[in-house]
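We will go from one stop to the next, with something to select at each.

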Amino acid sequence: MFEAIDLKFKNILDIERVSMVDPIVCLIGPSGCGKSTLLRMLNKMEQPDSGAVYYNQTDVSVIAAVELRREVTMLPQTPIIYEGTVRDNLVAGLKLQHRELPDDNKLQEVLDIMYLKLNLDGDTSRLSGGEKQRISLGRVILLDSPVYLLDEPSAALDPANEKRIMDSIVSWIHENNKQLIMVTHAVELAEEYAQQLISMDGGKII
Amino acid sequence: MNDVIDLSLVQLSIAYIFVIILLLIVRWRGIKREKLILIASVRMTVQLMLMGWWLLYIFENPSWWLSSIMLMIMLSFATANVYKRVPYMMSGKMKILVASALFGGSLVSALLFVVIIVGIRPWYNPQYLIPISGMIIGNSMTGITLALNRLYGDFSSKRDLIENSLMLGATPRDATRPLINQAFDTALLPTINSMVGMGIISLPGMMTGQILSGTLPTTAIRYQIGIMLAIMGSLSLTIITFLILGCRFFFQDGARLVDVKKKANS
């Protein structure tokens, strides 16, 4: 659960108060309205000029950044693919956190959630934008974090895949008692999934 | 071995015919480099002449403080040269670290080679200490410049990748591990490549110089092998110290990346 109070950042963000308590929270608004910046502040990728962000009633400024990011995992808008195979990419987050790596059954399960039919030992250099996006999503799902911050998770997906993959992610979030805070341009999608819809414009909550 | 054949000023001046040939070529091809070629030729001549006289003075008056001053001058010029050849804005802390790594890595390796391996007494014997240190410092300078360029370039071009790793809960050290390894590899590769070709493709300058001055080739070769190993040691020490400590300066509070900026004139 997050709460932001009197949050100001350059001329990008000016938020009086906002709470995000529901399992699925969607941030919507026009491009450049500060949605992604707000998301980045929730896991300390940006530092506000003034004001505070609270995570489970604790000011995030007193939580070590790495510790916070291991609970609150963020996925940026542009999918990032690391050097190596599909498997290397799926387990990249776990490796970076020095955690035990899962067996192939678990990895296959994640590929299924993402509707990906790929060889775990396959090369990643020729994947489409949508496949890269889905591998990136699979990578964060494997981290099993309590909170997920997804920035336009369906931006690189074609319309046919967008709905079923979002359905799949949202079901997984509910089944596993996680919280998902998501920036999206797709208002219909946000209205369908979100228990809490936050509209932004000009850096403010409207 | 034969005595060395002295090169008279008249003989030396004939060698400048190569500069004239180069000037004719660039003029013919319309490549605007005449001024730089002339400046480079004059600077090389004047600098080496002055160095020759200065070394003659130091060799005739060996003392620990004169050798130390000479080493400090060489290291200071090398450090300034690194700053100049990196096209990115470096923070004050980074500049101090670069200088410390260059001074520390080069001096430890040079003194280890001169005092422990070759066993020169006294340690400040300028005939050995200065040319050997010069080679080690020169190679460290090139290595650290390559490492810096690679590291700054990667922090600039792979920002999204590093941020993604941070978002996945990586520590800055883990997020930058591949960049450090690549910069280390980039810095060391030219030295390793030159070692591969040494003795077949190239006869190194130090060895050639010793042979020309009458040293037995077998002795010259032993020196060359030793100095190459010392250069590799110096490079490894300088570069790894700099990279591990220097990576911190790319992060600010809260494990967030700082912006990498290019110099205005690059």
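Two residues count as in contact here if their C-beta atoms, placed from the backbone, lie within 7 Å. This is a predicted model, in which local features need pLDDT of at least 70, side-chain atom pairs count only at pLDDT 80 or more, and totals for chains, interfaces and linings use all residues. Residues are numbered from 1 along each chain as its sequence is written, while chains are lettered from A and ligands numbered from 1 in the order in which they are written.

**Stop 1: chain B as a whole**

Select chain B. Its C-alpha atoms fill a box of roughly 70 × 55 × 40 Å, taken along the principal axes. Of the contacts in chain B with a separation of 6 or more, 76% join residues 24 or more positions apart. Along the sequence of chain B the pattern reads α-α-α-α-α-α-α-α-α-α-β-β.

**Stop 2: the domains of chain B**

Now colour 1-61 as domain 1 of chain B and 63-257 as domain 2; such bounds come from an automatic or database domain assignment. The C-alpha centres of these two domains of chain B lie 27 Å apart. Where they meet, eight residues of domain 1 of chain B are in contact with eleven of domain 2 of chain B. The domain 1 side has five nonpolar, two polar and one charged residues. In this scheme Ala, Val, Leu, Ile, Met, Phe, Trp, Tyr, Cys and Pro count as nonpolar, Asp, Glu, Lys and Arg as charged, and the others, Gly among them, as polar.

**Stop 3**

Which residues are buried in helix 7 (residues 159-167) of chain B? They are B:Ile162, B:Asn164, B:Ser165, B:Leu166 and B:Met167. Buried means that 20 or more other C-beta atoms lie within 10 Å of the residue's own, exposed means 12 or fewer, and partly exposed is in between, with C-beta atoms placed from the backbone. Show what covers these buried residues: the cover includes helix 2 (65-69), strand 6 (72-75) and helix 4 (92-96) of chain A, together with helix 8 (172-197) and strand 2 (256-257) of chain B. Just past helix 7 of chain B, pick B:Gly169, which takes a positive phi of about 95 degrees.

**Stop 3**

Move to chain A and find an open sheet of four strands in the order 2-1-4-5, with antiparallel pairing. Strands pair if DSSP finds at least two bridges between them. Strand 2 (13-20) and strand 5 (58-59) of chain A each have a single partner strand, so one side of each is left without a neighbour in the sheet. Select A:Tyr54 and its bridge partner in strand 5 of chain A, A:Asp59.

**Last stop: A:Leu42**

Leaving aside neighbours within four places in sequence, A:Leu42 is in contact with A:Phe2, A:Val53, A:Val72, A:Leu149 and A:Ile181.

Notes. Helices (H or I, at least four residues) and strands (E, at least two) are DSSP runs, numbered from the N terminus.
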